[in-house]
Amino acid sequence: MSRHPFVGGLLAACMFAGSVPGALAQDDALLVNAAVAPSTLDPAWACGIEEIAYIQNFYVRPFRYAVSEGRHGVNEIDYGTVEPYLVDTYEVSEDGLVYTLALKEGFEFESGAPVDAAAFKYSFERVLTMGGCGAYFITDGFLDPVIIESIETPDDYTVVITLNKPNASMPIVWATPASSIVDPAVVEANGGVAAGQPNEFMSSNVTASGPFKLEAYTPNQSADLVVNEAYGGEAPASDRIRVNWISAAPTLLLQARTAQADITMGLSKRAARTLEDSEGIRVLPFSAPFAQQMILPNSKEPWTNVKVREAVHHAVPYQDILDRVAFGYGTLYYGPIMPSLPGFNAEISQPVPFDLERAKALMEESGLDLPVDVEVMIQEGDPTQQQLATILQSTWREIGINLSIKVAPAAEFQELSQGHKVQSLMRLNGPGVFEVGYLWGYDVLCDVVHNLTEVCIPEVDELTAELRRTTDPDERQRIMDEAVQLWRAAYPKILFFEDQPVIVLSDAVTSYTYGPIPEFRDWAAN
């Protein structure tokens with residue numbers, strides 16, 4: 001792509017992209033079907049799993065996560081281990097404050113411009129200036145003050161990042177998609193950088209520095225990824241990938257069952273169970289630190305009342321949901337640490353018991369005039385959220401809550417949820433960085449804009465700060481256990497179950513690497 005006439009060429013391509021959900025790929029393309037579309041293509045602004053998983057295929061990052069042998073005969077991404085990507089070598093000062101990164105030469109944007117230290121500095125400063133979810137990712141949640149004190153470029157391929165406090169997790173967070181290196185010239189030619197604002201152009205366009213470039217894109221429908229010849233790393237396993245976002249569950253299921261799709265993501269658990277004995281495909285469940293949850297913004301009525309929050313927790317038929325909605329593909333628990341994360345303590349993270357009589361009594365004790373009207377927002381195309389909301393509609397009516405359901409397209413869902421503009425919402429949520437201190441920024445830390453639950457427990461803030469200073473495993477576990485019990489007592493949000501994602505592979509798939517936040521570079525089929 002050229003630097004300035006970029007928009008016309010890409011938009012023209014988009015006009016001719018397949019307009020029918022589930023459109024077939026070209027014969028030489030790997031076909032990937034998914035249920036939920038990304039709401040933005042901008043790595044600086046993306047928040048949800050759907051966005052960050054898709055975006056990272058277009059950009060190089062300073063570091064990336066390692067790959068190791070996994071279950072089911074396929075590889076899995078190891079989020080506990082990082083390796084250099086754009087970085088060639090790096091050094092950390094003795095006090096842990098200065099990271100000196102020597103970058104690899106030979107990486108180029110699809111425009112032909114070099115992926116160099118200037119582009120690195122521009123990309124990171126852009127993320128920090130915009131102040132979206134990306135800023136939280138690349139700072140490991142340290143935003144007040146921002147942990148990154150300065151970024152310097154002493155030469156074309158050296159970056160020096162100075163922190164205001166030591167944090168050993170920085171290479172891990174700089175492996176996240178938010179750390180993607182974008183083309184400064186293209187961004188500046190198309191809206192530039194505005195503090196606190198998304199870039200409209202970047203929300204639907206790509207300035208590729210990674211293994212793929214975007215050949216065609218129709219939001220909420222389809223995208224064609226092709227090899228980026230300017231990429232300086234190892235070529236991806238597939239030259240072309242067609243991604244279809246299919247919100248119609250029957251279509252998604254049919255194309256998985258008939259192996260019309262090579263790889264299918266986002267099937268309902270019921271649908272996945274029906275495929276287990278099908279020929280020509282493999283149905284593979286995995287574990288991941290992502291929880292199906294209902295967020296109850298604690299600053300909004302009626303959730304300011306802890307009695308109401310506790311009541312609705314007891315009015316959720318958890319085991320029935322695991323059996324009927326997740327079809328066994330999940331783990332019941334309650335606490336701010338998912339079962340798949342280091343530090344989880346099952347003994348103090350038992351699920352809340354389903355007890356309608358207890359729930360009714362708590363609603364009476366709340367002092368509210370009943371019934372109470374509550375609206376929950378769910379994302380269009382997510383069958384699990386629809387099922388969960390429908391179950392709660394019926395159950396909560398018995399305790400005096402009239403629950404209505406708002407279905408929002410991806411972009412609206414993103415805007416309303418991240419803007420704290422809804423009374424409650426369903427969400428499959430988990431950390432972009434698989435580390436407890438980072439995760440708690442979503443759940444418990446006070447005055448963090450991305451804490452959608454809006455809970456504030458000052459004692460947990462203090463414990464989190466202590467956790468990040470501590471390296472002794474036993475002491476870290478003590479700190480986490482204390483925080484878990486404080487969090488549980490506040491009943492800040494409903495946790496239905498930790499999800500077990502189910503991936504369907506056709507027998508034509510020859511190479512696949514699983515990750516909760518998947519990358520496409522190793523995926524291929526005959």
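## The model and its domains

Local features here need pLDDT of at least 70 and side-chain atom pairs pLDDT 80 or more, while totals for chains, interfaces and linings use all residues of this predicted model. Residues are numbered from 1 along each chain as its sequence is written, and side-chain values use heavy atoms, with hydrogens and water left out.

Let's start with the layout. Domain 1 covers 36–218 + 507–525 and domain 2 covers 291–499, with bounds from an automatic or database domain assignment. Their centres, taken over C-alpha atoms, are 29 Å apart.

## Where the domains meet

On the domain 1 side, 23 residues are in contact with 19 residues of domain 2 (heavy atoms within 4.5 Å). Together the two domains bury about 1,800 Å², with 63% of it on carbon and sulfur atoms; buried area is the accessible area (1.4 Å probe) that two parts lose on being put together, summed over both. Within domain 1, Val36, Ser39 and Tyr136 lose the most area to domain 2, together 31% of what that side buries.

## A salt bridge across the interface

Between domain 1 and domain 2 the count is 1 salt bridge (a side-chain nitrogen of Lys or Arg within 4 Å of a carboxyl oxygen of Asp or Glu). As for salt bridges in this model, the side chains of Arg468 and Asp140 form one, at 3.7 Å from N to O.
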